[in-house]
Amino acid sequence: MKSLIFYLLLFALSIPTLSCEQKEKEVATVKEEKNILTNEKPEYFQLRPEVEKAYGYTHAVKIGNEIKISGAVSMDDEGNPTAVGDLGQQMKNCYTDLEKILTHFGCTFDDVVVENVFTTDMALFLENAGYRNTIYTKHFPTGSWLGVKELALPEIMIEIELEVYKAN
């Protein structure tokens, strides 16, 4: 009976030790992952450098396997709104610009994991949303569709931002 108690006590004392060892391994793994991310240098990409400088933003930033893309709007290289009054064409223009950015980083719309759409006319956006089926042919990303009062310029009816994950 004493030996059974001894073995039970020994077993009970060994459990926290295993948990501590597992916890130490988990902490080391998290520290290693954070170290990799903190050592990764951001890569900035400007689609329209002069416009972006004037408005104070960068269109995309890549860190590691993740890319954050600022909202694309329908504008020309001088920053003038295009397709004024035509939400469907503005949407197509946004996706054209987003594709240029994705291509710069060696990505496609298949790599997009988050898409957020901001529009000043949700009903009109919903009428045109089927166009997205030509963009996302394998799967749709997560994201939100938000109706807003206004965007950066009064002629702009839609803005689309993306988050991308590109595996090595």
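**Stop one: the hairpin**

Start by selecting strand 2 and strand 3, which form a hairpin with two residues between them; Gly64 sits in that turn with a positive phi of about 65°. Before moving on, know that this is a predicted model, where local features need pLDDT of at least 70, side-chain atom pairs count only at pLDDT 80 or more, and totals for chains, interfaces and linings use all residues. Numbering runs from 1 along each chain as its sequence is written, and side-chain values use heavy atoms, with hydrogens and water left out.

Strands here are DSSP E runs of at least two residues, helices are H or I runs of at least four, and both are numbered from the N terminus. Two strands pair if DSSP finds at least two bridges between them. Strand 2 and strand 3 (residues 66-72) are antiparallel, with four bridges; show Val61 and you'll find Lys68 of strand 3 opposite.

**Stop two: Glu115**

Next, select Glu115 in strand 4 (residues 112-119). Is Glu115 buried or exposed? Its relative accessible area is 2%, so Glu115 counts as buried (under 20%; exposed is over 50%, partly exposed in between, with a 1.4 Å probe and protein chains only).

What does the Glu115 side chain make polar contacts with? Show the side chains of Arg132, at 2.7 Å, and Tyr136, at 2.9 Å. A polar contact is a pair of N or O atoms within 3.5 Å; within protein, one must be able to donate a hydrogen and the other to accept it, and residues adjacent in sequence count only if both atoms are side-chain atoms.

**Stop three: Gly106**

Hop to Gly106, in the loop between helix 3 (87-104) and strand 4. Gly106 is partly exposed, at 46% relative accessibility.

**Last stop: the largest pocket**

Finally, select Tyr55, Tyr57, Ser70, Gly71, Val73, Met75, Ala152, Leu153, Ile156 and Glu159, which line the largest pocket. On a 1 Å grid over the protein atoms alone, a pocket is an open set of points where a 1.4 Å probe fits, with protein on both sides within 12 Å along at least five of seven lines; lining residues have an atom within 4 Å of a point. About 190 Å³ of space lies inside the largest pocket.

Definitions and conventions
Points joined across faces, edges and corners; volume = space filled by probe spheres on them.
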